[in-house]
Amino acid sequence: MAQYPPIRFIIDMMGFDLLITILNEQAKDNPYEAFRKMAEALIAKFMTYGKIEIRQDSTVVDLRMYPREAENTIWLLLAALCSYVEAEEEYSQELKVKIIQNLDEGMK
């Protein structure tokens with residue numbers, strides 16, 4: 001029996017259209033060739049293997065991804081957001097402090 005990729009992303013039709021639109025923009029306009037190719041590969045996969053399902057009163061798209069594909073999708077979505085949103089705080093520093101605190105507590 002075929003094994004499905006472990007990550008399942010179910011999105012409504014409007015969200016799917018937006019996702020593919022953003023990936024298309026990244027495939028055309030991203031200044032880095034690696035990201036353009038990444039976007040092209042994701043579009044090809046989603047358009048080939050995406051499944052449309054009817055659920056009660058809505059229609060959704062079921063996308064299956066491997067972890068690297070999910071990571072790449074998130075990276076490209078974040079890259080698209082960089083033009084519109086700027087980080088207001090250094091949340092990574094807060095995370096770093098919490099990790100150090102947890103390590104210190106674990107050593108006690």
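Student: Is E94 buried, partly exposed or exposed, and at what relative accessibility?
Tutor: Keep in mind that this is a predicted model. Buried would need under 20% relative accessible area and exposed over 50%. E94 falls between those cut-offs, so E94 counts as partly exposed, at 41% relative accessibility.

Student: Which residue does E94 form a salt bridge with, and how far apart are the closest N and O atoms?
Tutor: Look along helix α4, where E94 and K98 are four residues apart and so separated by about one helical turn. K98 is partly exposed too, with a relative accessible area of 45%. The salt bridge partner of E94 is K98, and the closest N and O atoms are apart by 3.5 Å.

Student: What about helix α2: which residue is about one helical turn from K37, and how far apart are the closest N and O atoms of their salt bridge?
Tutor: Helix α2 covers residues 33-49, and E33 is four residues from K37, which means about one helical turn between them. E33 is partly exposed at 46% relative accessibility. So the partner is E33, with the closest N and O atoms of the salt bridge apart by 3.2 Å.

Student: Which residues are linked with E53 in a network of salt bridges?
Tutor: Start with the E53 to R55 salt bridge, whose closest N and O atoms are 3.0 Å apart. E53 is partly exposed at 22%, and R55 is partly exposed at 34%. The network links E53 with R8, R55, D62 and R64.

Student: How do strands β2 and β3 pair, and over how many bridges?
Tutor: Take residues 51-55 as β2 and residues 58-65 as β3. I52, for one, has V61 in β3 as its bridge partner. The sense is antiparallel, and the number of bridges is five.

Student: Which residue in the turn of that hairpin has a positive phi?
Tutor: The hairpin leaves two residues between β2 and β3.

Student: Why are the buried residues of α1 on the same side, and what arc do they cover?
Tutor: The buried residues in α1 are G15, F16, L19, I20, I22, L23, Q26 and A27. They sit on the same side of α1 because the arc they cover around the axis is only 160°.

Key:
Residues numbered from 1 in each chain as written. Predicted model: local features only at pLDDT ≥ 70, side-chain atom pairs only at ≥ 80, totals over all residues. Heavy atoms only, no water. Pairing = 2+ DSSP bridges. Buried < 20%, exposed > 50% of the residue type's maximum accessible area, 1.4 Å probe, protein only. Arc of directions from axis to C-beta. Salt bridge = Lys/Arg side-chain N within 4 Å of Asp/Glu carboxyl O.
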